[in-house]
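I opened this model to look up its salt bridges and one of its helices. My entries follow.

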Amino acid sequence: MVLLPGCMKYSLSGASTNAKSIQVDPFFNNTELGPANFGQTVTNRVKDYFQQNSSLRVVPINGELQLEGTIVTYATAPIAPQASTGTGVNTTPNYGAQTRLTITLRVNYVDGAEPKNSFKDRSFTFYADFDNAQDFTSVQESLEKKILDQIMLDIFNATIATW
């Protein structure tokens, strides 16, 4: 059996690209409920994820790979409803025992080395639940981290881990 050198680069992280650089443009926060600095938070998370999990250099312009996006959903919704308790004036109304935070990013990706891998307006969504006994602000940062960890993995897999 003869082994021929491949034209794709493979790393232990699963990155499969010949590109040397990636340009990550700022993510725009197009939500009403998202924190004011959430666009910058997402942008930094994307840059960090690609630096830590590939050999790509993050560059400000002219990257061989280009990634940009918009935060289109940052929403909470009640889940796991509980029945009303009591009667008359002492009735406690139905309410959700848990609340779900959902975040959606819409991403555009341009692969200058392999244009067939490029995509436009692909959505990446994930969520995390918390008990209503907890104050949202006390769990918000950990929920965002959990959600963004999964979304970063999904974006990475959809872009350079195309094996």
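The model is predicted, so local features need pLDDT of at least 70 and side-chain atom pairs pLDDT 80 or more, while totals for chains, interfaces and linings use all residues. Residues are numbered from 1 along each chain as its sequence is written, and side-chain values use heavy atoms, leaving out hydrogens and water.

I then searched the whole structure for salt bridges and got four. I counted a salt bridge when a side-chain nitrogen of Lys or Arg lies within 4 Å of a carboxyl oxygen of Asp or Glu. Arg45 makes one with Asp149, at 2.3 Å from N to O. Arg45 belongs to helix α1 and Asp149 to helix α2 (residues 136–159), so this pair ties together parts 104 residues apart in sequence. Helices are DSSP runs of H or I with at least four residues, strands are runs of E with at least two, and both are numbered from the N terminus. Asp149 is partly exposed, at 31% relative accessibility.

Lys145 is partly exposed, with a relative accessible area of 48%. Through shared partners, salt bridges join Arg45, Lys145 and Asp149 into one network.

I noted a salt bridge between Asp129 and Arg100, at 2.8 Å from N to O. Asp129 is in strand β6 (residues 119–131) and Arg100 in strand β5 (residues 95–111), so the pair links parts 29 residues apart in sequence. Asp129 is partly exposed at 30% relative accessibility, and Arg100 is partly exposed at 24%.

**Helix α1**

I checked the length of α1, which has 16 residues (38–53). The expected span is 1.5 Å times one less than the number of residues. That gives 22 Å, and the end C-alpha atoms are 22 Å apart, so the two agree.

Which residues of α1 are buried? I listed Phe38, Gly39, Val42, Thr43, Val46, Tyr49 and Phe50. They cover an arc of only 145° around the axis, so they sit on the same side of α1. The arc is taken from the directions from the helix axis to the C-beta atoms.

Definitions and conventions. Buried < 20%, exposed > 50% of the residue type's maximum accessible area, 1.4 Å probe, protein only.
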